[in-house]
Amino acid sequence: MTATPNRRVVLAERPKGVPEPRHFRVEEVDPVPPRDGEVLVRVSHWSVDPAMRGWVNDVPNYLPPVAIGAVMRSFAVGEVVESRHPGFAPGEVVTGMLGWQRMATVPGEAIDRKVAETDLPPSLALGILGLNGVTAYLGLTTVADPQPGETVVVSTAAGAVGSAVGQIARALGCRAVGIAGGPEKVALCREAYGYDAALDYKAGGLDAGLAAACPDGVDVYFDNTCGPISDRVMGHLAQNARVVICGTAAITDWDPLPQGPRVHRQLLVKRARMQGFLAFDHKDRYAETIDRLAGWVRDGTLTWREHVLDGAEAARDAIGMLYRGENTGKLIVAVD
C-alpha cells in the first residue's frame, strides 16, 4: 500500500449554472486500500470537460448529479499501483472515470481501457485519444455520415472536440468551416487544425461569413454550442443537411428554459435531420475508433493542443475557465 496521500477536489456546495471556485473544496485524506474487484490508481492528469457543468447541477441529465462532499466526477489517466482485480496489474496505465483525486480507488468497471499507445503522451487519453476524439469521430461519422466534397461546419471549432471534428472531416474529404471566438482561436483553426475557413462569431457578421464560406449551404453542422451561433447556422442548411447536437456550451443556465428561434421551418424546407449524440452509447466502438485516431496522430493527419493547469487549487476554477473560453487547447490538470 502506497503512503502517498490522496489530494482531491470535492463538491462543497451545489451551483446553479457554471460552477465557481467556491463550489469546490480541496482536501487531503489517506488513500483507500482496494477491495476485491477494485484497483488503486496514481492519477497523473485530470480532464476538464463542458459536461462537468451538468454533472454538478441538480437538473435532469444522463448521469445523476455529483453528491455534495463527493469527489468531483471526471475522466482521468494514471498508473495502477495496486490491484485486486484480475483484469489489471500494477504498472499498467489506465483511463476512466477516476475523479479529481490523486489516488483513486475504483471498481474495475470505472476503467474504460488500458492505454496501449505508450509511444504517445498519456494525457492524450483524455483528449484526442479519449472521449473528445471518440465523440468527434463517432458523432461525425455515425450521425452525419459526411461524404467527400460536402461542407461541414463546426462550432467551438478550436476546442478539444471541435478541433478534432474539423480535422477528421478534412481527412474524410470534406470542406471544414470552423466557428470560434476571437482572432487567436480563429488563427488556430486555420493554421494548426487546417480548416478551409474559420469565422469569428465575436466579430459580428456571422451570417455574411457563413454565406461566403458555404456558398452551397451547410451539409453537416456539428453543434457544440446551441444558442445564438446555432440559430445563425440553421439559416444556411443545405438540402438533406444533418445536424449533430453534441454540446450546449452557449447556454449557461437551463432554469428557466431558454427560448430562441424555432428551427422547424428550416428542417422542414431543407428536409434536414437533427440528432443528439452521446459517446457513452457507443462503448463497443471505442477501441477501433482510438486505434484509427492514434494512427492519424502518428502520421500527422491529426494534431492537438493542450492547455495544462497545475494542481488541485487551479482545478477549482477550471470549469469556469472552460465556459469563459480562456483555454487554448484541451483543458487538463496536471495532478502533481
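Why is cysteine 214 too far from the closest cysteine sulfur for a bond?

1. Basis of the note. The model is predicted, and local features need pLDDT of at least 70, side-chain atom pairs count only at pLDDT 80 or more, and totals for chains, interfaces and linings use all residues. Residues are numbered from 1 along each chain as its sequence is written, and side-chain values use heavy atoms, with hydrogens and water left out.

2. Cysteines. The sulfur of cysteine 214 lies 12 Å from that of cysteine 174, the closest cysteine sulfur, and this is too far for a bond. A disulfide is defined as a pair of cysteine sulfur atoms within 2.5 Å, and by this rule the count is zero. Cysteine 226 is likewise in no disulfide, the nearest cysteine sulfur being that of cysteine 246, 12 Å away. As to accessibility, buried denotes under 20% relative accessible area, exposed over 50%, and partly exposed the range in between, with a 1.4 Å probe and protein chains only. Cysteine 214 is buried because its relative accessibility is 4%, whereas cysteine 226, at 26%, is partly exposed.

3. Serine 230. This residue belongs to helix α6, residues 227-234; helices (H or I, at least four residues) and strands (E, at least two) are DSSP runs numbered from the N terminus. Serine 230 has a relative accessible area of 5% and is therefore buried. Its side chain makes a polar contact of 2.8 Å with the side chain of tyrosine 221, and another, also given as 2.8 Å, with the side chain of aspartate 223. A polar contact is a pair of N or O atoms within 3.5 Å; within protein, one must be able to donate a hydrogen and the other to accept it, and residues adjacent in sequence count only if both atoms are side-chain atoms. Leaving aside residues up to four places away in sequence, serine 230 touches Tyr221, Asp223 and Thr225, where contact means heavy atoms within 4.5 Å.

4. Aromatic residues. Five aromatic pairs are found in the whole structure. Rings of Phe, Tyr and Trp (its six-membered ring) pair if their centres lie within 6.5 Å; planes under 30 degrees apart count as stacked, over 60 as edge-to-face and the rest as tilted. One of the five pairs is stacked: tryptophan 46 and tryptophan 100, at 5.9 Å centre to centre and 25° between the planes. Tryptophan 46 lies in strand β3 (residues 38-47) and tryptophan 100 in the loop between β5 (93-96) and β6 (103-107), so the pair ties together parts 54 residues apart in sequence.

5. Methionine 52. Helix α1 (residues 51-56) contains methionine 52, which is buried, with a relative accessible area of 0%. Not counting residues up to four places away in sequence, methionine 52 touches Ser47, Met72, Arg73, Ser74, Trp100 and Ile319. Its C-alpha is 9.6 Å from that of proline 65, which stands 13 residues apart from methionine 52 in sequence.

6. Helix α5. Which residues of helix α5 (residues 206-213) are buried? They include Leu206, Gly209, Leu210 and Ala213. These four cover an arc of only 100° around the axis, which puts them on the same side of α5; the arc is that of the directions from the helix axis to the C-beta atoms. The face turned away from the buried side carries the exposed residues Ala208 and Ala212. Covering the buried residues of α5 are, among others, β8 (151-155), β9 (175-180), β10 (197-200) and α6.
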